[in-house]
Amino acid sequence: MPKVFLKTYGCQMNERDSEAVAAQLVSRGYALTESESDADVVLLNTCSVRDAAELKAVGKMKFLAADFRKQKRKVVLGFMGCMAQARGRGLLEEMPQVNLVIGTQKSHKMADYLDAALAGKALQVCDIAEEVGSQSKVHEHLSVLPGGEAPVSAFVSIMQGCNQYCTFCIVPQTRGMERSRSIEEIVAEARALVAQGIREITLLGQIVTSFGRREIPEKDGKSAFVQLIEAVHDIEGLERIRFTAPHPKGFGEDLIEAYGRLAKLCPSAHIPIQSGSDRILKLMHRGYTAERCLEIIAKLRRVHPSLGLTTDIIAGFPGETEEDFEQTLALVRAAEFDNAYLFKYSPRQGTPAAEMPGQVSQEDKESRHARMLELVNAIAARRYEQLVGTEVQVLVEGPSKRNSARLTGRTRCNKIVVFEGSDRHRGQVLDLKIDRAGAFTLYGDPAWVNLE
């Protein structure tokens, strides 16, 4: 039974693609391993959205190739994902030891390629979509979970591609235009996952709130996305529903209202503002203003005052002045996010922003990123401390990564909680009292609930 080491770099879309490939390979007779040292196959699923992910993946592959060559081991090496789609055969030219470069719309063929590579029938294969178009089928293979320790939550991909064309983003070139699955197909996959013990499902799309907007008409004033949430909500045995990654323009009145109406829809939201400057937002081609973001946040918090709220922010976008950055700081102060994913702008080849005038110096990017991080951390520390002494509901995911003697889970507002307990509580929903707060982590009081 060949062993496969599969590592993912980058976004949750890539994580979901890795899950689908893992399930595909397990069903074909492959075994997954957590260590490359005993692997027959090494696959790196790579992201092109940020330069850091690319550098890590390429560096990892070069190190492994040299190490295997030194050990005189024959291991099939492959890239998949957005970087594979964007760079294609160039990866094979840069790293001749690599056997496979499989694009974003070709991963459903991975088992066939590995069979051939292990049989010595193909030394090098590059299979990427020459045109990442809007009509290609969204391939899904995760009706059965890959082997290993059973998870309690799972991603369900509901669409592929993006039509937004943000000027900093390469996704339309690597994943193509928006293509949505049918509600019936998504519900069938979600139901199968719940039958295997999944308690929480995260609906996943590049701009998840754009689901079905061209294929599925509104019904009773509800968008296709809200119709989908309602359909998944009806699945018996499912405890929680989340979704990522949305776009601010997707938070219409029907979705905001759904937060107060659908009990399984978790009160957490990701509002990727990117910048607080309307001038920069226009250069980014985002399609909203800072004021609109604050309106959405205010409406959501009226529905759920305890709403968990996160965001994305880019520091040092081309043309960003100190005044623009100060406006972003002001927006973050007003919004009071629980956490933020901060990025220093990195130019991506083939995107309009890479050619824009006014490229910001690395020194200014570093400085602005550090200042934003300090602000985000201060706000988060205050908001997390406010939860000390309160009761929260936690879905137990399993042992804590940092201390396997403790359990970890998430609140409905998507905050991590660590507490004492045993593995038999995995998958249970527990009520815990928070007795202290750390950096983006809460600690629960085990005396609050019977864990015997």
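Predicted model: local features only at pLDDT ≥ 70, side-chain atom pairs only at ≥ 80, totals over all residues.
Residues are numbered from 1 along each chain as its sequence is written, and side-chain values use heavy atoms, with hydrogens and water left out.

**Stop 1: the sheet.** Show the strands (DSSP runs of at least two residues, E, numbered from the N terminus, as are helices, H or I, of at least four). You will find an open sheet of 6 strands in the order E2-E1-E3-E4-E5-E6, with parallel pairing; strands pair if DSSP finds at least two bridges between them. At the edges lie E2 (31-32) and E6 (125-127), each pairing on one side only. Now select E1 (residues 3-8), which runs parallel to E2 and is joined to E2 by 2 bridges. Val4 stands opposite Leu32 in E2.

**Stop 2: helix H1.** Select residues 12-27: H1 packs on the sheet and touches E1, E2, E3 (41-46) and E4 (76-81), where contact means heavy atoms within 4.5 Å. Among its buried residues are Met13, Val21 and Leu25 (buried is under 20% relative accessible area, exposed over 50%, partly exposed in between; 1.4 Å probe, protein chains only).

**Stop 3: His233.** Jump to helix H8 (residues 224-233), where His233 is found. His233 is buried, with a relative accessible area of 17%. Not counting residues up to four places away in sequence, His233 touches Ile241, Leu262, Ala263, Lys264 and Leu265.

Definitions and conventions. Axes fitted to C-alpha atoms, helices over the stretch in contact; angles between N-to-C directions.
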